[in-house]
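Have the structure open and follow along.

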Amino acid sequence: MLQSCCVLWLGWAACQRGSGRGCIRCPGKSDSLFLLSVRVVRGGAQALPPQGACGSLCKCRRAGSSIATATSQPRSSGRYPESVMACFGIHPIQGSADGHRSVTVQDLEPALPFFEKHKDKLVAIGEIGLDFTPWFVSTSQQREEQQKVFALQLDIAKQLDLPVNVHSRSAGRQAIAFLKEQGIQNALLHNFAGRPSVALEGVQAGFCFSFPPAVTRNDQRAKLIRQIPLENICLETDSPSLGPKKEERNEPEQIRISCQYIAAVKGLSVETVCEVTTHNALKLFPKVHQRLKQQ
């Protein structure tokens with residue numbers, strides 16, 4: 001049985017602060033993408049109260065207890081058609097009764113019908129990718145198996161003409177090279193922590209990179225953020241993880257912290273970062289843009 005899967009949510013709504021005059025954090029903008037966190041539990045999903053926040057891409061990842069749990073997730077996009085849009089993918093690290101382990105092709109197989117069944121509701125494939133963290137992945141066979149699972153899901157993304165949201169912990173160079181080898185054009189590397197030189201290879205391929213509020217914990221990624229063009233950056237929260245304080249729960253509204261930090265590092269206004277990253281997200285996720293225009 002599949003032990004762990006990922007359901008991501010992209011949301012858009014009028015800013016909940018102010019009354020049509022624009023967001024207090026981004027004057028002049030009355031609409032903002034926001035994150036609707038979804039807690040995956042046995043028997044379905046619990047939607048956490050959405051909180052308005054400025055930014056571009058806001059996302060939530062949860063590990064489900066089984067594929068049966070995950071298949072309930074697109075229902076939330078039906079309940080909130082104007083503000084919630086779903087993505088789906090099999091994560092490279094799986095949870096089990098014995099802890100965490102590297103993904104196998106057998107983990108992906110139960111999910112394959114799900115992609116086809118919900119292809120009209122999905123706006124992206126993810127969170128998928130590579131994770132070569134040594135205490136999870138210690139052999140070349142495990143790395144090769146991850147690449148097989150990654151490749152199969154990239155094929156699905158190409159068949160469905162959908163962008164991909166990519167996990168690349170301890171595998172930034174390998175993930176970007178693999179995406180290029182597979183002919184992927186629309187990719188988001190979330191919470192990217194690789195070298196700037198590696199990121200620039202992704203920039204040349206047209207990929208985007210997103211950063212959560214956790215980047216404010218120290219300045220380790222300031223150089224990386226400075227070197228990636230703003231036109232290749234999106235915002236994220238990864239709520240409830242990766243907040244500004246490790247011991248505290250991250251919240252959707254803290255997307256503003258990512259925006260403010262990137263603005264400070266690049267010497268730009270918050271308004272500029274908000275506007276450009278929103279444009280980047282809508283370009284990266286064309287089905288989101290299309291649905292918004294239909295509203």
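Leaving aside its neighbours within four places in sequence, which residues is K158 in contact with? With that set aside, K158 touches Q182 and I184. Keep in mind while you look that this is a predicted model.

K158 is found in helix α5. With a relative accessibility of 39%, K158 is partly exposed, because partly exposed covers whatever falls between under 20% (buried) and over 50% (exposed). K158 can also be placed relative to I125: the two are 33 residues apart in sequence, and their C-alpha atoms are 9.8 Å apart in space.

G194 sits in the loop between β10 and α7, and its relative accessible area of 24% makes it partly exposed.

**The chain as a whole**

Zooming out, the protein has eleven helices and twelve strands. There are 295 residues, and 55% of them are buried. What about contacts along the sequence? Taking contacts between residues at least 6 apart in sequence, 70% of them join residues at least 24 apart.

| Helix pair | Angle | Axis distance | Crossing |
|---|---|---|---|
| α6 and α7 | about 15° | 9 Å | left-handed |
| α9 and α10 | about 115° | 8 Å | right-handed |

Start with helix α6 (residues 172-181), which packs against α7 at an angle of about 15°. Angles under 35 degrees count as roughly parallel, so α6 and α7 are roughly parallel to each other. On the α6 side you'll find G172, R173, I176 and K180, and these meet S197, V198, A199, E201 and G202 in α7.

Now switch to α9 and helix α10 (residues 270-284), which pack at an angle of about 115° with their axes 8 Å apart. That makes α9 roughly perpendicular to α10. Here the contact is made by C259, Q260, I262 and A263 from α9, together with V270, V273 and C274 from α10.

**Aromatic pairs**

How many aromatic pairs are there, counting rings whose centres lie within 6.5 Å? The count comes to five. One of them is W135 with F136: the ring centres are 6.3 Å apart and the planes stand at 65°, so this pair is edge-to-face. Are these two residues buried or exposed? W135 is exposed, at 70% relative accessibility, whereas F136 is buried, with a relative accessible area of 18%.

F192 and F209 form another edge-to-face pair, 5.0 Å from centre to centre and with 70° between the planes. This pair links distant parts of the chain: F192 is in the loop between β10 (187-190) and α7 (196-204), while F209 is in strand β11 (residues 208-211), 17 residues apart. Both F192 and F209 are buried. There's a cluster to look at as well, in which F88, F114 and F115 come together as one aromatic group.

Most residues other than glycine have a negative phi, and most peptide bonds are trans. A few spots here go the other way.

The peptide bond from G126 to E127 is cis, with omega near 20°. E127 belongs to strand β8 (residues 122-129).

Which values of phi turn up at D161 and L242? For D161, phi is near 55°, a positive value in a residue other than glycine. D161 lies in the loop between α5 (140-160) and β9 (164-167), and at 66% relative accessibility it counts as exposed. For L242, phi is near 60°, again positive in a residue other than glycine. L242 is placed in the loop between β12 (233-235) and α9 (255-266). L242 has a relative accessible area of 22%, so it is partly exposed.

Technical notes. Residues numbered from 1 in each chain as written. Predicted model: local features only at pLDDT ≥ 70, side-chain atom pairs only at ≥ 80, totals over all residues. Heavy atoms only, no water. Helix = DSSP H or I, 4+ residues; strand = E, 2+ residues; numbered from the N terminus. Buried < 20%, exposed > 50% of the residue type's maximum accessible area, 1.4 Å probe, protein only. Phe/Tyr/Trp six-rings, centres within 6.5 Å; stacked < 30°, edge-to-face > 60°. Contact = heavy atoms within 4.5 Å. Axes fitted to C-alpha atoms, helices over the stretch in contact; angles between N-to-C directions. Parallel < 35°, antiparallel > 145°, perpendicular 65-115°, else oblique. Left-handed = near helix turned anticlockwise from the far one by under 90°.
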